[in-house]
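Dear colleague,

I am passing on the structure below, and my notes on it follow directly after. Please read them with the coordinates open.

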Amino acid sequence: MSENEKDYAGPVGEGLYSVNTGDWRTQFPNLDQQLCIRCGNCLIYCPTNSVRRVDGRFEIDLSFCKGCAICAEECPKDAITMKKEGKR
Ligand code: SF4
Ligand code: SF4
């Protein structure tokens with residue numbers, strides 16, 4: 001059991017380890033709610049389950065987002081843009 005219950009557990013090498021995928025990020029997704037058509041693609045494709053549906057809107061929790069940009073690639077409306085870390 002992880003000391004930090006918020007850690008993301010994933011298979012690494014020969015075992016199952018707790019890793020904070022958010023530490024890998026060099027860029028982060030920014031979701032423009034005005035452009036979003038609520039299709040849910042970003043939620044379906046995100047490999048770290050970082051996209052949440054809250055009151056019908058889609059929001060990104062950056063805690064474990066690793067900045068892979070898959071959500072931005074899969075968004076049909078280009079509502080998600082990637083920004084470099086440190087420029088929020
Ligand atoms: S950048 Fe990658 S990990 Fe972060 S929300 Fe998008 S798909 Fe998920
Ligand atoms: S993929 Fe794009 S349009 Fe679809 S819910 Fe996510 S941000 Fe909105």
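Ligand 1 is surrounded by 14 residues, of which Cys46, Cys65, Cys68, Ile70 and Cys71 are the closest, and by class this shell divides into 10 nonpolar, 3 polar and 1 charged residues. Please bear in mind throughout that this is a predicted model.

Around ligand 2 there are 14 residues as well, the closest being Cys36, Cys39, Asn41, Cys42 and Cys75, while the make-up of that shell is 9 nonpolar, 2 polar and 3 charged residues.

The largest nonpolar core comprises 8 residues, namely Cys42, Cys46, Val51, Phe58, Cys71, Cys75, Ala79 and Ile80.

Turning to the strands, strand 4 (residues 51-54) and strand 5 (residues 57-60) run antiparallel and are joined by 4 bridges. Within this pairing Arg52 stands opposite Glu59, and Val54 stands opposite Arg57. The two strands form a hairpin with 2 residues between them, and there Asp55 takes a positive phi near 50 degrees.

Two further residues deserve a look for their backbone angles. Ala69, although not a glycine, has a positive phi of about 75 degrees, and it is located in the loop between strand 5 and helix 2 (70-74). Ala69 counts as partly exposed because it has 14 C-beta neighbours inside 10 Å, a number that lies between the limit of 12 or fewer for an exposed residue and that of 20 or more for a buried one. Asp78, likewise not a glycine, has a positive phi of about 50 degrees and sits in the loop between helix 2 and strand 6 (80-84). With 10 C-beta neighbours inside 10 Å, Asp78 therefore counts as exposed.

With best regards

Note on methods:
Residues are numbered from 1 along each chain as its sequence is written. Chains are lettered from A and ligands numbered from 1 in the order in which they are written. This is a predicted model: local features need pLDDT of at least 70, side-chain atom pairs count only at pLDDT 80 or more; totals for chains, interfaces and linings use all residues. A residue is near a molecule or strand if its C-beta atom, placed from the backbone, lies within 6 Å of it. Ala, Val, Leu, Ile, Met, Phe, Trp, Tyr, Cys and Pro count as nonpolar, Asp, Glu, Lys and Arg as charged, and the others, Gly among them, as polar. Two strands pair if DSSP finds at least two bridges between them. A nonpolar core is a set of buried Ala, Val, Leu, Ile, Met, Phe, Trp, Tyr and Cys residues joined through C-beta atoms within 7 Å.
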